[in-house]
There are 2 protein chains.
Amino acid sequence: VATHPAPSDALRATELTDAWDVLSVTERLEGLRLLGLDELEDLLLGLPTHDQVELFLAASRYEARAWMRLLPPDDLADVIQEADPADRPTLLDLLDGTVRKEVVGLLAYAEDDAGGLMNPRYARLRPEMRVDEAISYIRRQTREQVETVYYLYVLDAQQRLLGVVSFRDLLMAPPDRTVRDVMHTDIVTVHEEMDQEAVSALFAEHDFLAVPVVDDAGRMKGIVTIDDIVDVVREEATEDLQKFGGMTALETPYLETPLRDMLRKRGGWLSVLFVGELFTATAMAYFEHEIAQVVFLAVFIPLIISSGGNSGSQASTLVVRALSLGELGLRDWWRVVGREVTSGLALGGMLGALGFVRVLAWQAAFGTYGALSFGLALTVACSLVGVVTFGSLAGSMLPLVLKRVGFDPAVASAPLVATLVDVSGIVIYFAAASLFLLG
Amino acid sequence: VATHPAPSDALRATELTDAWDVLSVTERLEGLRLLGLDELEDLLLGLPTHDQVELFLAASRYEARAWMRLLPPDDLADVIQEADPADRPTLLDLLDGTVRKEVVGLLAYAEDDAGGLMNPRYARLRPEMRVDEAISYIRRQTREQVETVYYLYVLDAQQRLLGVVSFRDLLMAPPDRTVRDVMHTDIVTVHEEMDQEAVSALFAEHDFLAVPVVDDAGRMKGIVTIDDIVDVVREEATEDLQKFGGMTALETPYLETPLRDMLRKRGGWLSVLFVGELFTATAMAYFEHEIAQVVFLAVFIPLIISSGGNSGSQASTLVVRALSLGELGLRDWWRVVGREVTSGLALGGMLGALGFVRVLAWQAAFGTYGALSFGLALTVACSLVGVVTFGSLAGSMLPLVLKRVGFDPAVASAPLVATLVDVSGIVIYFAAASLFLLG
């Protein structure tokens, strides 16, 4: 039943939430102790798992036990997984016997699987119940902690899922029919090992509030609810974006990630990219003679190669995101080639024209490039067309190739595409130079 | 009441969904006509707005009218907004009178506001109702289309929101109490003009199924439900990622975006970046004399500047995402500076050591750089430390500066940061060269 909180209590909760990030653990504990049960539960459930772990470990055994009782088993499993391995037994020990069993069961699943997301508590009905019996049975069940009573799952004696019925369906059905008569049997279920990204795509496609999770034998194991999916979608988007920035995704918020972890996750990719980029030095050393001959050739290299990298990073972003939203499949590769070659030629033509004008304008104004100015203008323009087209094509194909060979397409990050395109950009540029300028 | 679909009907729906992307509009229409009402509704509700518009315009008036009746008013408003302005009157004309009024009301809101997301239909109660009256009133209301009956909103005669009560609360309360006695009054509401990104952050923080939308006077206008939020989160992540790839976000799926739109959205930023990158040519022209003196100085330029760009893009990704998740605020800027300068020095030191070894190893193996090899090694190593540190700092500060002056921090894309860092990278490199090599 609803409690009427004193206004000062709600106010205190708001103040605590606002100040949360700048408070120490001790200050947070003190703040929580001042709250009524309703505000405490609200605030605690909304905290990042990392903060929950910190609080439970800092609080007294008595408090930690009481507070952990407010969390559903799926959140508790996250808490245990987030904690330092050394602290896990302490935290598990604080749980009541039956809850501990549920949580240990959930810990067997990978964190990113449907099984790792699901809540093992849900409302069950037997098919032979009458509708009115079912309604009063559910009214009794809601007194206990059942995450959602909006969908009711009809199971046989072997826990196999037979059907689903919404509470609304029950309320509207004639009281003397059986549950079997009114249940829906065309049920969308997810397997306990389905990846959380696939589960969230399912929620985006259908407007479900919850989806049942089953094992190989069709036995029901729990439900994944839509509020957990919102978190999954945000988490996956963060991972994609961080990978796209050319690093291994962090598991914790930026300011809370230990410096050592951050250096490892950034340094790995940075070194790989550096080694890749070393080939630009090798490629340029090969054209050392041409540079010595026409020094201002070197001057345009950063411009040329970065244009290829930029167009490549646009193309790879588009393809990576379209793949992860399911808008694009591997079988569409030739349509992507068509689009990117056309776009690349058009965009390269545009930049080429800009580059052409730049060289001739500087020549007209300052006489910078002397007799070679027209050849240089042609070299810059043509290599921009080539580099931008190659960049768009390489940037769009790399994620598809990665996916084909079983890697995560999001590895095709802006810096990786830029690095790949840089070396070929140098080759294209000097090829154009030997055609229009030196040949 | 639940209907038992023939297996062939459910199968047909699955087949149609699987083949959807490769079918023409006519084939889609034919497929839909074969489905039972349940499957039709399911499939139609799950379609992207773009496909819905296409179908409604291609179907007969009679069919389009019947199919549009299956969509809630918020989805219908999206359909009208997505359609070509010339087709909007035709589509509006297909709606029934009261629905049309609701939809026109919703169209007044910006698409990205809470008002543009909300459904104007929700279950209302009066505070003086008895609990048992309320239960039977709601049971009658569920026969009509009310998006969610899990939360019931208690309004006064002026439509001002007084409280909220869940259906579960009602079922558990003594039947002779009034709604006012059992309702919760500490309600989280959103203003009709709140941005959808802020609304979705609220859903992520609290585990709501729905949130009431109110106007300036506290009058209730509708509810935003969590299933719409899943779409918002995916959409916002796509926009962020596309901006991050250095382009204006597309509004339609990659393969469905007309080439002209895509060229405009990519070409704009590509030109801006190109103009920025032109400064590298200006900067290098300034050091033409040094390049002529020691030609192999030019050879390392792509390596140096791209390392700065890569570390900068890592830093900007982290900060952009942390800002958009609310993990980081402007007031944290000095903590970010501390982290990024430390990380930059450590990562730059690592790459610098690799570069140092590379130059001396090539010298030992091939005698490439002659007497200047040690000076060159020092130049490469020290400029890497400088460039990576500067890149990390610039990449992390740019999104904060953009946010401070009121721009979207996600504009600090990988290509933009790389372009900014390139020019300074050249200056740092030649400064190091004049210190260790030429001076």
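Q: Which residues of helix H2 (residues 25–33) of chain B are buried?
A: This is a predicted model, in which local features need pLDDT of at least 70, side-chain atom pairs count only at pLDDT 80 or more, and totals for chains, interfaces and linings use all residues. Residues are numbered from 1 along each chain as its sequence is written, chains are lettered from A and ligands numbered from 1 in the order in which they are written, and side-chain values use heavy atoms, with hydrogens and water left out. Helices (H or I, at least four residues) and strands (E, at least two) are DSSP runs numbered from the N terminus, while buried means under 20% relative accessible area, exposed over 50% and partly exposed in between, with a 1.4 Å probe and protein chains only. In H2(B), the buried residues are Arg28(B), Leu29(B), Gly31(B) and Leu32(B).

Q: What arc do these residues cover around the axis of H2(B)?
A: The arc is taken from the directions that lead from the helix axis to the C-beta atoms. The residues lie on the same side of H2(B), because the arc that they cover is only 160°.

Q: In what order do the strands of the open sheet in chain A stand?
A: Two strands pair if DSSP finds at least two bridges between them. Strand E1 (124–125) and strand E3 (161–166) of chain A are the edge strands, each pairing on one side only. The sheet has 3 strands and mixed pairing, and its order is E1-E2-E3.

Q: Do E1(A) and strand E2 (residues 151–155) of chain A run parallel or antiparallel?
A: Arg124(A) stands opposite Tyr153(A) in E2(A), and Leu125(A) has Val154(A) as its bridge partner. The two strands are joined by 2 bridges and run parallel.

Q: Do E2(A) and E3(A) run parallel or antiparallel?
A: Opposite Leu152(A) stands Val165(A) in E3(A), and Tyr153(A) has Val164(A) as its bridge partner. There are 5 bridges between E2(A) and E3(A), which run antiparallel.

Q: Which residue in the turn between E2(A) and E3(A) has a positive phi?
A: These strands form a hairpin with 5 residues between them. The phi in question is about 65°, and the turn residue that has it is Gln159(A).

Q: How many of the residues of E2(A) are buried?
A: Tyr151(A), Tyr153(A) and Leu155(A) point one way from the strand, Leu152(A) and Val154(A) point the other way, and all are buried. E2(A) is therefore largely enclosed by the rest of the structure, its buried residues being 5 of 5.

Q: Which residues form a nonpolar patch on the surface of chain A with about 310 Å² of accessible area together?
A: Patches are made of residues with over 30% relative accessible area and no salt bridge, joined within 9 Å for like charges and within 5 Å for nonpolar side chains (Val, Leu, Ile, Met, Phe, Trp, Tyr); a salt bridge is a side-chain nitrogen of Lys or Arg within 4 Å of a carboxyl oxygen of Asp or Glu. Accessible areas come from the Shrake-Rupley method with a 1.4 Å probe, and for residues only the protein chains shown count as cover. One member, Phe407(A), lies in the loop between helix H20 (373–404) and helix H21 (414–438) of chain A and counts as exposed because its relative accessibility is 55%. The patch is formed by Val401(A), Val405(A) and Phe407(A).

Q: How many aromatic pairs does the structure hold over all chains?
A: Rings of Phe, Tyr and Trp (its six-membered ring) pair if their centres lie within 6.5 Å; planes under 30 degrees apart count as stacked, over 60 as edge-to-face and the rest as tilted. Over all chains, the number of such pairs is 16.

Q: How are the rings of Phe296(B) and Tyr369(B) arranged?
A: Phe296(B) is in helix H17 (residues 296–299) of chain B and Tyr369(B) in the loop between helix H19 (333–366) and helix H20 (373–404) of chain B, 73 residues apart. Phe296(B) counts as buried because its relative accessibility is 11%, and Tyr369(B) is buried with a relative accessible area of 6%. The ring centres are 5.1 Å apart and the planes stand at 75°, so the pair is edge-to-face.

Q: Is Phe366(B) buried or exposed?
A: Trp362(B) and Phe366(B) form an edge-to-face aromatic pair, 5.9 Å centre to centre and with 70° between the planes. They are 4 residues apart in helix H19 of chain B, so about one helical turn separates them. Trp362(B) is partly exposed, with a relative accessible area of 33%. For Phe366(B) the relative accessible area is 60%, so this residue is exposed.
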